[in-house]
Amino acid sequence: MIFQATDIYKKFTRSSFVLNVPQMELAEGTITGVVGENGNGKTTLLNIVAGELEAEGSLSYFDHPINQETDWGQLKLQIAFIPQRIPRWYGSLIQNLALKAALDGIPADEIDTYLDEILDFLGLLDYKHLKWTEISTGYRLRFELARMLIGKPRLLVLDEPLANLDINTQQKFLSDLKNILKDKSYPTAVILSSQQLHEIETVSDQMIFLRKGQSVFSGAMNDIGADQDSWAFELQVIQEDKENLMNYLKEKSYETTTTGEYVQVTMEKRATENDFLRELINQNLTITYYRNITRSTKRLFNQ
Amino acid sequence: MKRLKEIFQRVDAQLLKKKPIQWILGLHIFPVLVAVIGLVLFLIGTVYSLVPLPNWRDFREFFETLNMAMILPTILLTILFIIRQVKYNSKRVHLKLPHANSFAMYLYFIGIFILITAMPFTGNLGAFLKTGMVLNKTEFLQDQEALNRGYAHFRMTKRRVTDSDEHLDEEQLQDDATGIYYLHDQIYKLSPEGDKLIFKRKTLTSGYYAMDQYVNYNSMDTVPLSQVYSEIEAFVEVAAKYQGKTTRTNPIDIVQHNLKAKKIHYGYGDMTPAFNHFENYEQLDNNIYFNEQFEDNDGPYFIMSWSFWKFYWLLALGLATLLILLCSVNIRDFGWAMLSIALHPTVYGIVFALFMFVGDFDDESLALGLLILFNLFAMFVAFGSNFKPTVKRAYAITLHVYAPILTAIYLTLFNEMSHGGFDDGFAEFVLICVVIVALVSTYAFGKYYKKQYVDPQG
């Protein structure tokens, strides 16, 4: 196991906020998503996992429990932490990558090939001679990821990596992560926090949902909503149809919650998802967004 | 130029891959630049023609101008080095650095700062070595005695008397009993027996060391005539080595002339020397002064003076300490620490003033007591408290920066309290202690910063 923790507890002085995560495991080759509203402890949890923040509880990295004798300097060589705000790089991108490779002990005559392999893998080969200021936020993140991969870390901790990225770049980045884990030369576990629920759930193997510092859900993706006996859908219609939609849902006595332009509908599992969709189409409603959130952490946000 | 650039890029790329730490330290840039610029300056320093010896003032001003001209390049090179270290040799950029080799890097920083800041003086070194080939210190030390013994017989300036109430004349001047002390400079007369000469031993050089004794001849002397003559002969011989030509060489003739010369100038008009047997006094004076400065390591030759270097390298030590701090700590913590460093003396001053205002305290005891109190508080915050990491680190950095300065202050206070004098020996003792504390504290705080930034913090 890459990382294991029980009873993670963190309280800040002069703050009522308390982080409490009873159980957490990060296995090799898996991606763990940490979700929750702003200020609910995602960054705090990731800082603890990355070894930046001290916390109570029983923690172990690479099957070695943390104690007074732990050499964090050595341990952190195997942990790559990408914070929300990535510090800028100076000089050309390839120069920085070569420096990291040389510091990590890769033989001088192998560095070029080694870096080209990583950059090719991440689709960054054409940009290696540019400078930090010449690339977009998305590329900066991917180059930072490339740099982190040089040391072949066994634990990748990414705090809000998708923030400030456009949808295409988000998907490209997540696909990079998936590819890294598929590659056997990177025996890594990934933990990342994000507000992009759909994108995170698509790639994650397990999720941790935090609410006010408490772990409301922690487990495999398949376990989310497994015990639910009702459907939950999230949908949006054009403005003109919104009243008709609400009237219809009220008429059918479905439980509804509105968040902005989105309506969350909960109904018993007597009918199928297809039946529900057909009913909506029959009402001549123009649906602009629809998603089944029965087995998504999104459902947890409104509970 | 293009070819040079290509070569540099190749070396740069190779060093980056093979010796990344040396690349970060800019071993292929800064020492090389210093060496090239230093060599050019050294050559410039040797270009100045010293045969015959040039005008001392022109010579000195040439090197002063050279030193001044190099201030900007030196500052630029220092800043470039600091920027490179902040960019690459920083915890924020590479977690492996500088914690792994923090102290070794600190020593390198001291070395490179000495090299960079001393670079402008390589011109002076060139001048010193070249002068050493032209002038002979040992010979000059031997010649000094003959020059100083004989000089008084070759040149005397008149005394200007403008006060009409002082009806002095040459007769009175020859009489010791007048008691007009300021005329003693102009005394040059025979003893009543006529076999000795009484005169003021004015010297050509300002004094010198002979047999480990400081010799200064500026005093009244009574010398047998035979000795006077031999002194004059020796002077003529030695002065010639320093391009000093005399109009008269016969000792008897010279003494006779000097005895008759008018030594007082009445009124405000132009004044000629009482006697002057030099053909080219300015040239001799310049050459002797040149030798004297060379012998004393003065003027452009100050770089050979230990008294300059023993304090000079504190500059490199200070710069190196600040840079290793910049590389070892978070920039935000560094900012807070700078604020703390600036505020501590202010707060200390206010508290000290308040105590002095409300009570009759002994200055030194109060200063020492408050200093210890402030130190204990800072140590408590940095090492023993539950304050936020930023506060703890800011206090630790403050202690680190102040440690050498406080050493000097403590030693001075203890010295004053024990009524010890402040002489060169004490100053050197303080200097050694300051350097040791700076080195030891940087080593110890390096461990502290490593723990602070690598281990998880509360």
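Q: What makes the residues of the lining of the second largest pocket nonpolar, polar or charged?
A: The residue type decides: Ala, Val, Leu, Ile, Met, Phe, Trp, Tyr, Cys and Pro count as nonpolar, Asp, Glu, Lys and Arg as charged, and the others, Gly among them, as polar. By that rule the lining has 13 nonpolar, 5 polar and 7 charged residues. The model is predicted: local features need pLDDT of at least 70, side-chain atom pairs count only at pLDDT 80 or more, and totals for chains, interfaces and linings use all residues. Residues are numbered from 1 along each chain as written, chains are lettered from A and ligands numbered from 1 in the order written, and side-chain values use heavy atoms, without hydrogens and water.

Q: Why is one space called a pocket and another a cavity?
A: On a 1 Å grid over the protein atoms alone, a cavity is a set of points where a 1.4 Å probe fits but cannot get out, whereas a pocket is an open set with protein on both sides within 12 Å along at least five of seven lines. Volume is the space filled by probe spheres set on the points, joined across faces, edges and corners. The second largest pocket holds about 610 Å³. Among its 25 lining residues, the closest to its centre are A:Q95, B:D12, B:W23, B:R84 and B:Y88. The largest cavity has a volume of about 40 Å³.

Q: How do you know which residues line the largest cavity?
A: A lining residue has an atom within 4 Å of a point. That gives B:A152, B:R155, B:M156, B:D185, B:Y188, B:F199, B:K200 and B:K202. By class, the lining has 4 nonpolar, no polar and 4 charged residues.

Q: What makes A:D112 and B:K17 a salt bridge?
A: The term needs a side-chain nitrogen of Lys or Arg within 4 Å of a carboxyl oxygen of Asp or Glu. The side chains of A:D112 and B:K17 meet at 2.9 Å, N to O. The pair therefore qualifies. The count between chain A and chain B is 1 salt bridge.

Q: How do you know how many residues of chain A and chain B are in contact?
A: Contact means heavy atoms within 4.5 Å. By that test, 24 residues of chain A touch 22 residues of chain B. In chain A, A:Y90, A:L99 and A:L103 lose the most area to chain B, together 29% of what that side buries.

Q: What makes up the area called buried between chain A and chain B?
A: Buried area is the accessible area (1.4 Å probe) that two parts lose on being put together, summed over both. Here that comes to about 2100 Å², with 65% from carbon and sulfur atoms.
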